[in-house]
Amino acid sequence: MTPLIYSTLIISLGIGTTLTFASTHWYLAWMGIEINTLAIIPLMTQSHSPRATEATTKYFFAQATASATLLFAATSNAFFTGSWDILQTNNPLTYTLMTLALAMKIGLAPLHSWMPEVMQGLTLLTGLILSTWQKLAPFCLIYQIQPHSPNLFMALGLLSIVAGGWGGFNQVQLRKILAYSSIAHLGWMVLILSFSPPLTLVAFSTYLMMTFSLFYSFMMTKTTHINSLSTSWAKIPTLTALTPLILLSLGGLPPLTGFLPKWMILQELTKQDLALVAVLAALFSLFSLYFYLRLSYAMTLTMPPNNPAGTLPWRLNPSHNTLPP
Amino acid sequence: RLIQMSLPNISRVPASRLLRSVRDLRWLLRSIAPLAVPRRALTQMGYRRPGQPREDKPPWWRVKFDLSKGLKGMKRHFQLLKEEFFAEFVGPMGKPIIEHMLEQNQVVWEFRGPHSLQEWTISCDREIGGKSEIYLKIGKNNETCLLYGTLCSDPPKDGETRYSGYCTMRAKQPLASFDRKKYHDWSSFNTLHLRIRGDGRPWMINIIAETYYTHQKDDMYSYFLYTRGGPYWQDVKIPFSKFFLAHRGRVQDDQHRLWLDKINAIGFTLGDKADGPFQLEIDFIGVCKDYAHTEDFAYEKYKRNPEV
């Protein structure tokens, strides 16, 4: 891809999200989301392999369906309430439709099935953009919709935590694991949205930081499978020592950062007399912790079969700056 | 319902008073179609292998309604579903994770009895009217399989086909419960390992990966298998990076590496234009991980429309 086209697409990605952030009219917000979708499509098909085109097609179908539903909901809302303002979503039907459309956009259960297959077909960099940047615009809209009752968000949240944990249980492909991890984390964020939106932002920002770090670690070690993860110690030893911290942080273990949003969310749910929901969320996130621990174990606590030449890359590659000075 | 009348068609249109009695428009339209277009009877649905008797029964007559067979089928499928469910508690694809991480070799197909032949399909150009023959049987001591037959390059005399002479053996797609497609996941491995004994003929190994679009259904990744003949067994190790993409036998310009996480089947094809008998004995087909092989893809990918 020429640098000009590449930079056009990247700038379009930025413009789309910024447009959605800056808009109060549903049309403009929808337009921003569409620009985002259309800008990432060529980035996804850069490699022209059939798996990449399959992933792109599935992504496009899911996003187009969600966009159409969102536009329909926004138009219906304007019909019922007379207002195109994002903050004026008073009709329960349109509010539900909008929520479901945005849930499909970001990959919340039960509308999450496109996510692992799409992530599996992409490069790690495009997967990173999909998991982080592409979530910003829909999340901004979800944040602004005034919930009538917390039930829908709680149901979506709990289902996502279960689906994200259970789905990633037996995966060996790292990109699919990251997709399920994303679904589970989005579940946590959406669970608390109707009670304490700032907590959702805290959870989202910590999720962005952790996911970015993890994706970048995998990009540096060029690993996409749990087996190649186990030989990453020979490529960049320091990164291999630090990546489990990121993984356990994603799993929500104290005293790492990832524990903070989970703790605060559980505390807020308990304050709202939803102790059962809090217990269920905590229990189901143990599934996710299981596969994070498995990745950490594979990376640091195993010595897989390797040939002598395969144990030396860290000596020969001076371009990685993660070695201590 | 107006039918366009043209001079060549008028002679085939029934008399007008009969038109009123025609209820099925399809029948009428078919009768005025040009006769050169080969027509199929309504009952000839699907593919019929040459040599099998024609069945002129309507589709509902061909299905054998048998309650005991249905119940056995349901029991088998539910049993498979239960096994799949509990296998997930063991680990990915029913194996513990430590096995996934440590395994360097995996035998995918081996021939240890007549039941192994159920996983394979054989075919030759007899299906298009050629004269080749192919047979598959279990070798001596139930240890190997023997693929043998006769290759004949004489094209069928149908006025259309110009070339002929191929014989092939292909694995069937693995199926999960309720006949869902299952895939081989060879992403932990990077080399195909075969133990074969041939007669010196060059074969083509084809790997069929899962695709998405219908126009990709004939995509396969091929490489050559040169057999050396003789009584000695041959261990062939072909890295997956060597496989190139072909569609219906034509090598594609836009090449990419074979993705190993969803493999449907493997096949062997003989089409070396050397008429005569052939034999190929296969002990096992497996995959292995060669840590010394770090190549991603063996061929350069040329851009067909380079940007200026």
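Start by selecting A:Glu117 and A:Lys58: their side chains form a salt bridge, with 3.7 Å from N to O. A:Glu117 belongs to helix 5 of chain A and A:Lys58 to helix 3 of chain A, so this pair ties together parts that lie 59 residues apart in sequence. Please keep in mind as you go that this is a predicted model.

**Stop 1: across to chain B.** How many salt bridges cross the interface of chain A and chain B? The rule finds two. Over all chains, the structure holds 21 salt bridges.

**Stop 2: the whole interface.** Now select the residues of both chains that take part in the contact: 30 come from chain A and 27 from chain B. Together, chain A and chain B bury about 2,500 Å² between them, and 57% of that is on carbon and sulfur atoms.

Colour the helices of chain A to see where its side of the contact comes from: helix 3, helix 5 (114-120), helix 11 (226-230) and helix 14 (275-300) each supply at least two residues of the side that touches chain B. Helix 3 of chain A gives the largest share of that side, seven residues. If you colour the side of chain A that touches chain B by residue type, you get nine nonpolar, 15 polar and six charged residues.

**Stop 3: along helix 3 of chain A.** Select residues 50-81 of chain A. At 1.5 Å a residue, these 32 residues should span 46 Å, and the end C-alpha atoms are 46 Å apart, which agrees. Step back to the loop between helix 2 (26-44) and helix 3 of chain A, where you will find A:His48. A:His48 is not a glycine, yet has a positive phi of about 60 degrees.

**Stop 4: helix 10 of chain A.** Select residues 197-221 of chain A. This helix has 25 residues and reaches 36 Å from its first C-alpha to its last, close to the 36 Å expected at 1.5 Å a residue.

**Stop 5: two cis peptide bonds.** Show the backbone around A:Ala109 and A:Pro110, which are joined by a cis peptide bond with omega about 0 degrees. A:Pro110 sits in the loop between helix 4 (92-106) and helix 5 of chain A. Then move to A:Pro254 and A:Pro255, where another cis peptide bond has omega of about 0 degrees. For A:Pro255, look in the loop between helix 12 (237-251) and helix 13 (259-271) of chain A.

**Last stop: aromatic rings in chain B.** Searching the whole structure gives 32 aromatic pairs over all chains. Select B:Trp203 and B:Phe278, an edge-to-face pair with 5.7 Å centre to centre and 75 degrees between the planes. Where along chain B do these partners lie? B:Trp203 is in strand 7 (residues 202-209) and B:Phe278 in strand 13 (residues 276-288), so-called distant parts of the chain, 75 residues apart.

Terms used:
Residues are numbered from 1 along each chain as its sequence is written. Chains are lettered from A and ligands numbered from 1 in the order in which they are written. This is a predicted model: local features need pLDDT of at least 70, side-chain atom pairs count only at pLDDT 80 or more; totals for chains, interfaces and linings use all residues. Side-chain values use heavy atoms; hydrogens and water are left out. Helices (H or I, at least four residues) and strands (E, at least two) are DSSP runs, numbered from the N terminus. The expected span of a helix is 1.5 Å times one less than its number of residues. Contact means heavy atoms within 4.5 Å. Buried area is the accessible area (1.4 Å probe) that two parts lose on being put together, summed over both. A salt bridge is a side-chain nitrogen of Lys or Arg within 4 Å of a carboxyl oxygen of Asp or Glu. Ala, Val, Leu, Ile, Met, Phe, Trp, Tyr, Cys and Pro count as nonpolar, Asp, Glu, Lys and Arg as charged, and the others, Gly among them, as polar. Rings of Phe, Tyr and Trp (its six-membered ring) pair if their centres lie within 6.5 Å; planes under 30 degrees apart count as stacked, over 60 as edge-to-face and the rest as tilted.
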